[in-house]
Amino acid sequence: MGEVLVGACSWTDPQLVKSGWYPRGRRDAEGRLRHYASRLPLVEVDSAYYALPGRRNSELWVARTPDGFRFDVKAFSLLTGHPTRPGALPPDLRTRHADGTRRREPADPALLDEVWGRFAEGIGPLREAGRLGTVLFQFPPWFAPGPRAERTLEDCVRRAAGWPLAVEFRHPAWWAAERADDTRALLTGLGATAVGVDTVQGTTGSLPPVVPVSRPGLAVVRFHGRSAAWGRGSKEDRFHHDYDVTELAAWVPRLRRAARQTDTLHVLFNNCCADAAVRAAESMRELLTRRRR
């Protein structure tokens with residue numbers, strides 16, 4: 001069975017910081033990351049979706065974590081076609097992106113080239129130190145299967161050549177039973193890791209609870225919680241869920257199967273509810289390492 005790394009999708013989420021999970025004396029920026037890394041071997045840098053990561057921060061993250069610790073970095077919103085606030089860009093680029101917050105049209109090509117370059121520079125220290133687990137490209141719910149989407153994926157793979165790249169779809173048609181094999185084959189051909197998800201079931205935007213392994217090097221599963229507000233409401237509403245052990249245990253056979261097919265499996269919890277994500281990660285890690293009776 002391949003290596004299994006379990007973690008949370010943030011170590012700086014305000015609800016986590018307020019929860020008391022960080023002990024007294026370890027609540028500053030350095031202390032939080034060092035404490036997190038002493039408890040879990042993997043974390044997702046979700047802040048990179050909201051603002052371009054800086055090289056200096058990446059250098060500090062490497063310095064504050066042990067060998068073997070891994071960072072999965074979420075791609076900046078503009079790189080996956082999400083609406084992006086001009087204020088999320090560096091000041092010198094804001095005047096070139098004055099199109100509001102809700103447009104879905106492709107970004108200006110010159111701006112996009114610049115953003116790709118700065119994103120690559122920002123994560124450079126993680127790559128150079130061997131700490132970059134993957135770069136997660138999470139595409140929006142309107143990113144439906146079709147030729148245009150496939151061209152976008154091909155462009156991402158071309159621009160991210162040499163990066164470990166993972167793809168999460170939010171449009172359920174990608175993993176519908178009649179299309180799942182084609183989606184897996186597409187990502188395999190691109191050399192990209194398919195991301196499985198756990199979400200609430202029974203809504204129009206629900207994705208099936210599968211672990212689609214598309215390449216032997218890495219598989220990724222992200223647990224978003226099972227809030228009935230999935231796909232609507234605030235971020236806190238959409239991801240508010242506290243996994244119980246029964247819900248986690250039901251996933252163990254699927255995760256073990258995936259681990260047998262890959263060198264490494266990343267399991268990440270994105271349920272922002274006080275310290276629910278880190279507690280779920282620690283519980284899942286224990287369940288996965290427990291010997292079968």
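Trp11 is buried, with 7% relative accessible area. Buried means under 20%, exposed over 50%, and partly exposed in between, using a 1.4 Å probe and protein chains only. This is a predicted model: local features need pLDDT of at least 70, side-chain atom pairs count only at pLDDT 80 or more, and totals for chains, interfaces and linings use all residues. Residues are numbered from 1 along each chain as its sequence is written, and side-chain values use heavy atoms, leaving out hydrogens and water.

**Aromatic pairs**
- Rings of Phe, Tyr and Trp (its six-membered ring) pair if their centres lie within 6.5 Å; planes under 30 degrees apart are stacked, over 60 edge-to-face, and the rest tilted.
- That rule gives 21 aromatic pairs.
- Trp11 pairs edge-to-face with Trp61, at 5.5 Å centre to centre and 90 degrees between the planes.
- This pair links distant parts of the chain, 50 residues apart: Trp11 is in the loop between strand S1 (3-8) and helix H1 (14-18), and Trp61 is in helix H4 (residues 55-63).
- Helices (H or I, at least four residues) and strands (E, at least two) are DSSP runs, numbered from the N terminus.
- Trp61 is buried too, at 12%.
- Ring pairs join Trp11, Trp21, Tyr22, Tyr36, Trp61, Phe69 and Phe71 into a cluster.

**Tyr49 and its partners**
- Tyr49 and Tyr50 pair edge-to-face, 4.9 Å between centres and 90 degrees between planes.
- Tyr49 is buried at 13%, whereas Tyr50 is partly exposed at 41%.
- The charged end of Lys74 sits over the Tyr49 ring, 4.6 Å from its centre.

**Charge over a ring**
- The rule asks for NZ of Lys or CZ of Arg within 6 Å of the ring centre and within 35 degrees of the ring normal.
- Arg254 lies over the face of Trp251, 4.6 Å from the ring centre.
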